[in-house]
Amino acid sequence: MIFRQVTEELVMLLAYEATRDLDVVDVEIETPVTATTGTQIAKPRPLVVPILRAGLGMLDGMVRMAPTAEVGFLGMIRDDETLDIVTYAERLPKDLTGRHVFLLDPMLATGGTLAESIRFLYERNKSLLGHQSSSK
């Protein structure tokens with residue numbers, strides 16, 4: 001329990017810094033007392049993507065700091081024989097154009113899985129954009 005709590009607090013501190021430069025917009029809010037102007041994260045909403053399973057431990061702290069963020073998932077594993085990184089699951093929006101994507105992975109040894117996840121997201125969106133432009 002203490003480990004999860006400290007992890008959440010640490011990720012909240014990291015998320016605070018990571019989201020510092022997100023675009024925000026002013027919004028009018030009607031309260032029971034009066035109307036006022038608030039601030040919210042601009043669209044498109046940021047996307048938080050934990051790399052399964054280790055990244056799940058970081059999800060609560062990140063979402064606490066960016067509660068309107070959308071959550072996706074990316075499952076990757078290293079093949080024991082070839083040592084290649086294999087994507088075995090993904091649950092992501094189709095179009096990532098203009099999105100801030102926050103990859104969550106505490107398992108940083110060589111950085112191979114994190115680098116492969118970035119490559120996966122880049123190639124996936126690039127192929128989608130190429131497919132859209134060729135169909136017009």
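The model is predicted, so local features need pLDDT of at least 70 and side-chain atom pairs pLDDT 80 or more, while totals for chains, interfaces and linings use all residues. Residues are numbered from 1 along each chain as its sequence is written, and side-chain values use heavy atoms, with hydrogens and water left out.

**Ser117**

I placed Ser117 in helix α3; helices (H or I, at least four residues) and strands (E, at least two) are DSSP runs numbered from the N terminus. Is Ser117 buried or exposed? Ser117 is buried, because its relative accessible area is 0%, where buried means under 20%, exposed over 50% and partly exposed in between (1.4 Å probe, protein chains only). Leaving aside neighbours within four places in sequence, I listed Ile51, Leu74, Met76 and Leu103 as contacts of Ser117 (heavy atoms within 4.5 Å).

**Nonpolar cores**

I next looked up the largest nonpolar core, which has 11 residues, including Val11, Leu22, Val48 and Phe102. Such a core is a set of buried Ala, Val, Leu, Ile, Met, Phe, Trp, Tyr and Cys residues joined through side-chain atoms within 4.5 Å. At least two of its residues come from each of α1 (2-18), α2 (56-65) and β7 (101-104); α2 gives the largest share, 3 residues. Apart from this core lies another, of 8 residues, among them Ile51, Leu74, Leu96 and Leu121.

**Helix α2**

In α2 I noted Met58, Leu59, Gly61 and Met62 as buried. Their cover includes α1, β3, β4 (70-71), β5 and β7. Gly57 also lies in α2, but counts as partly exposed because its relative accessibility is 45%.

**Largest pocket**

I recorded a volume of about 300 Å³ for the largest pocket. A pocket is an open set of points on a 1 Å grid over the protein atoms alone, where a 1.4 Å probe fits, with protein on both sides within 12 Å along at least five of seven lines; lining residues have an atom within 4 Å of a point. The volume is the space filled by probe spheres set on the points. Of the 16 lining residues, Met76, Arg78, Asp105, Met107 and Thr113 are the closest to the pocket centre.
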